Amino acid sequence: MQVELRGITKCFGALRANDNISFTVPPSTIEGILGENGAGKSTLMKILSGFYSPDSGDILLDGEKVKIDTPADAIRQGIGMLHQDPLDFPPLKVIDDFILGEKGGLLPNRKRASKEFKELSARFDFSIDPESYVDTLTVGERQQLEILRLLWLGARVLILDEPTTGISLPQKEKLFATLKKLAAEGMTILFVSHKLEDVEALCSRATVLRQGKLIGTMELPFATKALVEMMFGKEMPQESKTQLKMGMNVLNAKHIDLDGVRIQIKGVDLQVHAGEVIGLAGMEGSGQTLFLSACAGLSQPVGGSFCLDEEEKDMTGQTYHEFRKKGVAYLPAARLEQALIPGLSLTEHFILSEGMRGFFIDRKKAEDLAKSRIALYNIKGRPDSTVESLSGGNQQRALLALMRDPLKLILVEHPTRGLDVESTIYIWGKLKERCANGTAIVFISSDLDEILKYSDRVLVFFAGRVTPPLNASSLNVERLGRLIGGKDWDMLETEAAHA
Amino acid sequence: MRDTRTNRILFQIGAILFALIVTTLVLSLAGAQPFAAYKYIMLGAVGSWDVVSNVLVSWVPLLLATSGLLVTFTVGLWNIGIEGQITLGAIFTTWAMRLLQDSGWNPSLILVIAVLAGMLGGTLWALLAGALKTFGGVNEIFGGLGLNFVATALNIWLIFGPWKRPGVASMSGTLPFDRSLWMPIAAGSSRLTPATLVIAIVGIIAVYATIEGTYFGLKLKAVGRNPKSAYILGIPTWQHMMASFAICGVFAGLAGAVQVTAVYHRLIPSISSGYGYLGLMVAMLVGYKASLAAPVALFFAALNVGSIQLPIILKLDSSLAGVLQGTLVLFVILGQGVRTKLLKKTKVSS
């Protein structure tokens with residue numbers, strides 16, 4: 001189906017999120033929609049899929065003007081959107097989630113739906129059990145479920161918003177194969193991303209938005225440099241990696257056994273030294289979060305022990321607050337759900353994290369503190385801005401600004417997930433500053449480049465197995481990718497035996 | 001529509017008008033003269049120094065209950081068990097008074113001990129609801145509701161059992177305490193007790209200062225809005241929930257103690273007088289803001305007292321005050337909902 005947008009404009013208050021945007025996507029095309037955070041990609045896609053109504057402008061499908069007021073209208077017209085966080089129902093069974101959007105009689109025909117679900121998943125080589133519950137699926141599998149559901153409802157235009165965030169490399173490859181197959185069958189695919197490599201690997205055209213405006217469209221072959229310039233208006237400097245000296249032990253994890261909901265990990269050994277960065281790589285849900293949260297006392301190991309500092313203080317079985325007192329900080333990936341408090345201002349967050357003394361709040365002192373931190377971390381917000389009013393990148397900066405000083409160990413889940421290149425570089429700059437002062441960092445990332453670029457050593461997780469710490473300098477994308485996919489593990493053991 | 005102070009106030013006024021219209025309709029349907037009813041409610045609430053002092057007598061326990069509830073609402077808890085906590089406060093107060101009434105101690109000392117006992121009773125009952133939630137995973141609404149029934153049953157059992165009047169047990173409660181053990185009444189009034197008035201006013205000021213000005217209050221807010229993030233920020237979450245239960249229990253217990261020492265001078269079956277539920281309504285009506293609690297509670301107390309005369313003068317049931325209070329809360333919350341929706345719409349379409 002051919003999708004045409006004509007003069008789409010959408011404002012939120014004074015902000016022009018979409019400013020007179022027009023472009024046409026021919027059928028059988030995978031169109032990349034590129035732009036940094038806040039460029040207006042998501043708004044435009046939400047207009048196309050009926051979540052927002054445009055202030056002005058038209059949508060044309062196969063040359064005919066259509067009116068799309070709700071997501072239900074959109075899917076009736078054949079437009080389905082896969083959201084960054086899958087819009088599914090975690091407490092439901094897969095098959096029930098699958099048939100939810102269907103128009104139909106009083107009683108759902110589960111048998112037929114189940115048969116069609118299996119046929120569809122076989123077509124794309126997905127392996128989801130229709131009788132399992134949605135909350136037991138990985139993010140990648142939930143995406144697959146959403147894609148199947150949208151196809152089943154008759155989608156002929158598929159919009160994907162940042163689909164490669166939070167899924168592993170093999171899941172990404174499978175997703176790309178699926179999308180290419182769908183495009184070959186005549187489907188139009190709009191692929192929203194800020195990852196150039198994904199767009200280069202998948203798309204046949206790329207359209208770039210910046211500050212709500214359409215900057216241009218590029219056909220294959222893409223000139224990376226030109227695309228970056230279109231996105232950011234300037235070339236991003238690449239940070240060079242400096243070799244740090246190994247400091248004292250800050251964390252010693254000995255033979256850690258962990259029991260997760262769906263995953264068991266046995267016998268992880270890891271010594272973290274002051275000033276070093278350790279990356280935890282692996283498919284989403286391979287046990288990295290389980291291990292990282294155990295390092296902070298947020299979950300308890302069933303075997304082994306955690307010791308902190310060079311004095312080897314045994315912290316096994318202690319709560320996160322005990323770890324925190326010893327200079328450990330944990331930064332969750334779900335910023336507004338697990339790390340910040342919607343409704344409270346930046347100032348109030350700083351007061352809470354500082355653990356100020358006294359009974360009554362010293363407003364003046366608190367505001368001064370907030371102002372200095374906001375300036376120091378370059379947060380776009382005022383002391384009285386509530387955290388939910390900040391953009392994702394600024395929320396992440398606030399999270400960094402909230403960390404106390406000094407810290408021995410920072411544990412971070414996906415430090416730059418969903419952030420644009422500029423914020424990513426900024427966040428890592430701040431983290432590296434901490435390292436230079438002797439703080440160790442352990443982080444999880446699904447982004448292989450991020451793992452390779454910033455880690456000194458890497459632990460790879462695969463289905464509950466964990467590699468010994470590998471020197472990042474001995475790894476490249478290919479080798480890391482193979483390990484994450486469960487390959488070469490025998491070689492690793494042989495190497496270890498010889499070492 | 002923009003988010004301004006003016007339209008916020010306009011919406012509040014609109015809500016009050018709607019509540020009046022609905023109540024007027026209810027009255028008309030019942031065949032009564034609405035304006036006569038309103039007139040007598042007003043006269044019944046402010047017509048004489050005596051009724052005004054009655055309003056204040058009713059205001060004290062209501063404001064105490066509301067003050068406590070503001071603390072639990074701040075931490076995100078629905079302490080519906082406050083009714084039982086008031087009852088337990090009354091029971092503990094009565095218990096202390098019964099133990100000490102023949103001791104020959106200074107009556108003031110006995111009253112102080114009795115009030116402290118009431119605070120203890122309310123706190124223990126609140127902590128029980130808190131423990132059920134924290135350690136038993138029982139939602140505080142269900143736990144509180146269950147404990148309310150237990151408290152009522154305990155109260156009735158005491159009145160008709162161990163603490164019954166000499167001779168025959170009665171719904172009118174236990175034998176009244178000696179006049180020397182009543183809270184001192186203000187000169188020129190039949191019931192107003194200045195001491196309890198001071199307690200209630202100091203209480204709401206303390207709650208306001210705590211929530212708005214202290215680190216503890218900010219931590220309560222943080223836990224109430226997002227316990228997970230609060231924990232990551234280093235705030236002990238369940239401890240703060242328990243603390244807020246305890247504080248609410250103190251206030252509920254105080255309300256119960258006031259009912260026994262200053263209002264009824266004995267234990268009666270409906271000793272809580274529904275002030276817990278009414279306090280929930282006041283807290284909702286003021287949007288959980290401590291600054292507005294005192295005047296709104298006073299208004300509710302005035303409605304309650306004002307409608308007492310209705311059955312006699314207009315042959316109307318005095319539950320009319322409840323109708324007015326209920327519709328008021330409903331329309332104010334509805335108004336807030338509609339306003340939020342309109343604001344959102346403006347945000348999207350402008």
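What follows is a short chat about a predicted model with chains A and B.

Reader: Before I start, what kind of model is this and how are things numbered?

Author: This is a predicted model, where local features need pLDDT of at least 70, side-chain atom pairs count only at pLDDT 80 or more, and totals for chains, interfaces and linings use all residues. Residues are numbered from 1 along each chain as its sequence is written, while chains are lettered from A and ligands numbered from 1 in the order in which they are written.

Reader: Start with chain B. How many helices and strands?

Author: Chain B has 14 helices and zero strands. Helices (H or I, at least four residues) and strands (E, at least two) are DSSP runs, numbered from the N terminus.

Reader: What box do its C-alpha atoms fill?

Author: Roughly 75 × 60 × 35 Å for chain B, taken along the principal axes. Of its 350 residues, 48% count as buried. Buried is 20 or more other C-beta atoms within 10 Å of a residue's own, exposed is 12 or fewer, and partly exposed is in between, with C-beta atoms placed from the backbone.

Reader: Which domains does chain B have?

Author: Domain 1 (1-32 + 316-350) and domain 2 (49-305); such bounds come from an automatic or database domain assignment. The C-alpha centres of these two domains of chain B lie 29 Å apart. Seven residues from domain 1 of chain B and six residues from domain 2 of chain B make the contact, a contact being two residues whose C-beta atoms, placed from the backbone, lie within 7 Å.

Reader: And where does chain B touch chain A?

Author: 20 residues of chain B are in contact with 25 residues of chain A. On the chain B side, helix H8 (215-225), helix H9 (227-232) and helix H14 (320-349) each supply at least two residues. H8(B) gives the most, with six residues.

Reader: Switching to chain A. What are its domains?

Author: Domain 1 (3-232) and domain 2 (249-327 + 404-498) of chain A. Their centres, taken over C-alpha atoms, are separated by 33 Å.

Reader: I see a four-strand sheet there. What is the strand order?

Author: S12-S11-S14-S15 of chain A, an open sheet with antiparallel pairing. Two strands pair if DSSP finds at least two bridges between them. The edge strands of chain A are strand S12 (264-273) and strand S15 (313-314), each pairing on one side only.

Reader: How many bridges join S11 and S14 of chain A?

Author: Five bridges, between residues 249-259 (S11) and residues 303-308 (S14) of chain A. Leu251(A) has Leu308(A) in S14(A) as its bridge partner.

Reader: Which residue has a positive phi of about 50° without being a glycine?

Author: Asp62(A). The place of Asp62(A) is in the loop between strand S4 (56-61) and strand S5 (64-66) of chain A. Most residues other than glycine have a negative phi.

Reader: Why does Asp62(A) count as exposed?

Author: Because Asp62(A) has 12 C-beta neighbours inside 10 Å.

Reader: What about Glu162(A), buried or exposed?

Author: Glu162(A) counts as buried, because it has 20 C-beta neighbours inside 10 Å. Phi of Glu162(A) is also positive, near 45°, and Glu162(A) lies in the loop between strand S7 (157-161) and helix H6 (169-184) of chain A.
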